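Me: I would like to learn how to read a protein model, feature by feature. Can we take it step by step?

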Amino acid sequence: MFLPSFRHLIEIEALKIQNQTVLSKIAYEEKRISDLEAIRLKRELEAIALSEEDKNLKLFTSQQEIESKQLKITRMKSQLDMVTSQKEQHALETQLLLMQKELDTLEEKYFLNLERHEAIEVEKKDGQTFLTGSLISLEEIKKDVDSIRLKFQSAIAGRLERISSLEVMCDEKLKTFYLELEKKFAPKRPVAYLIDKKCTQCHMQVDSVFKASLEEGRSFETCPNCSRLLIPDTAKIY
Ligand SMILES: [Zn+2]
């Protein structure tokens, strides 16, 4: 006579589904936390790389090079006024031209780097805004999860206790079979109900002999199609 065990299984299933709902809510929030933490870490690494890139632009050094080059050119130009021979003048002019070219190259590089530096500043600021904002969200989600855990902790423990006591009352063979099936179907539930000769999960129809045997609690059966343990609807009102 399996009807009392079937009735216990109905209650066990309901309790397990309630626990599963809470636990999956917690798992969902935990996934949000770890996803956000991963993104934050990535952004933190990006910020470090940006600072490193900014440092390597060596803007200050370039500025000094430009200034010293400008100073040399100014000096050389004043020398130009003092030269006596044409040959000397020509040599100085050639050198000046060369230095001016070098100065142009230095300035061109400097302004390009300055542009990049400004872009980096914007990127770093965006990154910082994200990191500050996401830290607040992260702490809020963590607080939510903690309060969910705290709120449902005793309810979950209470249900687990009730499940254990119900399992003790179940037919040993049926219970063993149910627990094995539960592992096999995880994370889905391993049971379905037989209502109007049909499996509630896959709608497979069974014959009258099958139905009668199950409903009278003479045997326990799995659905011929989806292999779930079939609990007769009659067990609910047994
Ligand atoms: Zn089925």
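**Reading the sheet, the helices and the loops**

Reply: Start at the hairpin of β1 and β2, which has two residues between its strands; there aspartate 196 takes a positive phi near 50 degrees. Strands here are DSSP runs of E, at least two residues long, and helices are runs of H or I, at least four, all numbered from the N terminus. This is a predicted model, where local features need pLDDT of at least 70 and side-chain atom pairs count only at pLDDT 80 or more, while totals for chains, interfaces and linings use all residues. Residues are numbered from 1 along each chain as its sequence is written.

Me: What is the phi of lysine 197, and where is its place?

Reply: Most residues other than glycine have a negative phi, and most peptide bonds are trans. Lysine 197 has a positive phi of about 70 degrees, yet it is not a glycine. Its place is the loop between β1 and β2 (198-199). Lysine 197 counts as partly exposed because it has 14 C-beta neighbours inside 10 Å. The cut-offs use C-beta atoms placed from the backbone: buried means 20 or more others within 10 Å, exposed means 12 or fewer, and partly exposed lies in between.

Me: Which value does phi take at serine 227?

Reply: Phi of serine 227 is near 65 degrees, positive in a residue other than glycine. Serine 227 sits in the loop between β3 (221-222) and β4 (229-232). With 16 C-beta neighbours inside 10 Å, serine 227 is also partly exposed.

Me: Which residues does the cis peptide bond join?

Reply: Alanine 186 and proline 187, with omega about 5 degrees. Proline 187 lies in the loop between α4 and β1. Arginine 189 is found in the loop between α4 (172-185) and β1 (191-195). Arginine 189 touches Glu13 and Ile17, leaving out residues up to four places away in sequence. Contact means C-beta atoms, placed from the backbone, within 7 Å. Arginine 189 is partly exposed, because 16 other C-beta atoms lie within 10 Å.

Me: In what order do the four strands of the sheet stand?

Reply: Strands of a sheet pair through backbone hydrogen bonds, either parallel or antiparallel. Here four strands form an open sheet, in the order β2-β1-β4-β3, with mixed pairing. β2 and β3 stand at the edges with a single partner strand each, so one side of each has no neighbour in the sheet. Two strands count as paired if DSSP finds at least two bridges between them.

Me: How many bridges join β1 to β2, and how many join β1 to β4?

Reply: β1 and β2 run antiparallel and are joined by two bridges. Isoleucine 195 stands opposite lysine 198 in β2. Leucine 194 has cysteine 199 as its bridge partner in β2. β1 and β4 run parallel, joined by four bridges. Leucine 194 stands opposite proline 232 in β4.

Me: Now a helix. Why does the span of α3 agree with its residue count?

Reply: The expected span is 1.5 Å times one less than the number of residues. Helix α3 (residues 86-169) has 84 residues, so it should span 124 Å; its end C-alpha atoms are 117 Å apart, which agrees. There is a kink of about 45 degrees in α3, centred on phenylalanine 152. The bend at a residue is the angle between axes fitted to the seven residues ending there and the seven starting there.

Me: How many of the 84 residues of α3 are buried?

Reply: Zero, so α3 lies largely in the open.

Key:
Two residues are in contact if their C-beta atoms, placed from the backbone, lie within 7 Å.
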